Amino acid sequence: MTATGTLLLLLLAVLVPAAGLGLLLLLRCCPREPWAALGLGTAAGLAALCLSLSLSLAWDGSFSPVLGMSVLVGLLPGLWLARTSLPRWPRPRGLGWVLLLGALLLAQTVASAPMRGYDAKAIYGIKAKALLHEGSVRGPLFTQRDVVHYHSDYPLGVPLVMATVGWLAGTDGSPERAAAATDGVSWSAAHDQVEAYVPFAVLWVLALVALVGGAIRRRGVTHPAALLLLLVMALPTALAMPFAAGRSWTWAGADLPLILLLTAVAQVALTLLRAPSPGRGLLLLLLCGAAVTVKNDAWLAFLSLGAALLLGALPRARLVTVGSVLLGALLGALLVKAGGRFGVGAPFDEQWLPAVLAATPASLALRAPLVLEWAGNTLSQRGLLLPLLGMAALAVPFGLAHRGPRRVLALFVWLHLLGCTALFLFSPNVVTWHVDTALPRLFAHAFGPGALLLADALITLWRRPSTLSPVPQLPPPR
Amino acid sequence: MTAPQPLRPQPVSLPVAILATLLALDLMLLALLWTGGPSGWSLGPVRLLPGYVESAVPLALVLGLLCWGARVGRPRLAELTRTQLLTRWRGAGPVRRLALMASVILGLGAVDEALQAPKAALRIRLTQAAQPQPSLTYNRDNRHVPELLAALLQQSPRGDAVVLVDDDDARAHEAAYYAYPLLLYMAPEQRAWSLRARMDHLGAPDPTLAPTAPAPAMHLSEAFADERGMRLLHVSRGDVISLGATRP
């Protein structure tokens, strides 16, 4: 990556949260707590980028990074117009500096790792390269079904963002150098722009930590409970780690941005339940739409969220929330479908519908023990068993014991975990292989929202005995 | 009326000073290294590679924090344990104590897991520091990738090709990523079989699905390449064992 490219990427890393904050301010739904604002702002910026890039694709099949950049820059005036509503950023002191500098150094260390993982290259990377090189989805990769390429049924949100990052990053290799390359290393160096997305994806992890950290700080946790804060903040990072530590996945996949978007969806949906407003409804719609453009798995999360809202929310508030989720999902589906009309689907992609129709009680009974056995194996191997047990033993019972938003969040997490497990009974693939490779990712999609609930549960658990009752009220949402 | 107090500089704590110094050093060295590109920067007889810097700084950070933790952090941690943890523990019933213990285990486990990626990243940088494009070396089961790429790039005239891979992972997907903008094609039968065959590597068959069929015959791939006027690259166990001629 060139020095200019690095500088441009740093600017983009500032532009995405800044534009998102501008959007939040324009919609009058910016959280007062600075960390929460930064996390939600980054998610909103990501949503704006994904939706604008998908819009261009849906219109004429073209990849238009200029449109994406224009939308982000166009949201910046929101920062100025509503500058009085901006949260006050505290000056970091003591432990705050240690956390901030430590986070930067860790991010730099992680980001220095190369792009790894099958999905990053074979599913997202190659699509991003094609978008960048061909400028549209009308090229051979998307239109010729015999080209070696997998999951043509996936939405293109992540490849579009990767290609945008690659467009800004540029390359060290010239066309002459590429033409002269006779080995894979020099050929790859001339065409590796999209790999700059790996360090850029650190932004999604930091935003996830900020969202959960903001939820903790909003509950008034300050210095005396700093140790607890540190421990709980490690949780979302821990959930993201299998994506970075080379355990099948990588940061250059769709799961991290999807976890961020779903966490933001859960946060905004809960706020909307407490205090409905058109701005929050619109923000929820945009976040849901963007999540669908990132990965089809968003539908599973929306099904769980919809069911949780219907079962756990008060009737007065749930209509607008369910409506926003539904409209957002439809907007995303419309963009994905419109963009997909230019390409061809491969017959090698997973065929779910025939598999579901072919399932019988006997086949489900045969598969059930295998699913449970391999779920335990893979969750344990990928370091996700502990967060899952924490979620099941601490967060979900805590949430179910309370009425209102906490119960909705607990139901969402519970239904998502159960629903995803049951889904594998109908898998069109060899079920043990499928559970091993896909179940932890699907579970992790609920862990971001679950971390919000877990933080709530732990803060309540660790409150000083003298302040156990009455339960302090949350500050009114904005 | 009291005299105004003279302004005194705020004390800077040791960990902040260590971290700030390391971060500044890190950024300075990285900025210097950018001028040298991926091959590094010459310092007399010593060659400074980006990987060495990116590995050394976090290592120094960890050492610095450990020293600080031993000197300053331990008494503070003891104080925090006494004032915060024990107060809550003593005031809790059995169920609450169980929940408190579970939350501590969960927190410590989360910290441990959160450190996995930095540890893995550090290990990679230490072992791969001299390689300018290490991403190419992380192909897991795809041992064929470098060989296949080399064969593809050395053919004349350079162009797209049909591939047939007999490897641990026969899909050639990662090779397709690295080969792009050159395109790899695969005969539909071979491709469908390779996608199913990869699911058998765990050795746990699905009781509800038929076993994987034998690999399609090679002549199907040859006919497919003929039909498209492309070369057929046949790779087995990481070696290119045949390179068919281009058919007009």
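This is a predicted model: local features need pLDDT of at least 70, side-chain atom pairs count only at pLDDT 80 or more; totals for chains, interfaces and linings use all residues.

Student: Ok, how much space lies in the second largest pocket?

Tutor: About 1,000 Å³.

Student: And which residues are the closest to its centre?

Tutor: Of the 40 residues lining the second largest pocket, those closest to its centre are A:His151, A:Glu350, A:His434, A:Ala438 and A:Arg441.

Student: Which elements give two or more residues to the lining?

Tutor: Those are α6 (118-134), α16 (298-312), α18 (352-358) and α22, all of chain A.

Student: How does the lining divide into nonpolar, polar and charged?

Tutor: The lining of the second largest pocket has 16 nonpolar, eight polar and 16 charged residues.

Student: Switching to packing. At what angle do α12 and α22 of chain A pack?

Tutor: Helix α12 (residues 202-218) and helix α22 (residues 431-461) of chain A pack at about 30°, and their axes are 9 Å apart. Angles under 35 degrees count as roughly parallel, so α12(A) is roughly parallel to α22(A).

Student: Is that crossing left-handed or right-handed?

Tutor: Right-handed, for α12(A) and α22(A).

Student: Which residues make the contact?

Tutor: From α12(A), A:Leu211, A:Val212, A:Ala215 and A:Ile216; from α22(A), A:Ala451, A:Leu452, A:Ala455 and A:Ile459.

Student: How many of those are nonpolar, polar or charged?

Tutor: In the contact of α12(A) with α22(A), eight are nonpolar, with no polar and no charged residues.

How values were computed. Residues are numbered from 1 along each chain as its sequence is written. Chains are lettered from A and ligands numbered from 1 in the order in which they are written. Side-chain values use heavy atoms; hydrogens and water are left out. Axes are lines fitted to C-alpha atoms, for helices over the stretch in contact, and angles run from 0 to 180 degrees between N-to-C directions. Helices (H or I, at least four residues) and strands (E, at least two) are DSSP runs, numbered from the N terminus. Angles under 35 degrees count as roughly parallel, over 145 as roughly antiparallel, 65 to 115 as roughly perpendicular and the rest as oblique. A crossing is left-handed if the near helix is turned anticlockwise from the far one by less than a right angle, and right-handed if clockwise. Contact means heavy atoms within 4.5 Å. Ala, Val, Leu, Ile, Met, Phe, Trp, Tyr, Cys and Pro count as nonpolar, Asp, Glu, Lys and Arg as charged, and the others, Gly among them, as polar. On a 1 Å grid over the protein atoms alone, a cavity is a set of points where a 1.4 Å probe fits but cannot get out, and a pocket is an open set with protein on both sides within 12 Å along at least five of seven lines; lining residues have an atom within 4 Å of a point. Grid points are joined across faces, edges and corners, and a volume is the space filled by probe spheres set on the points.
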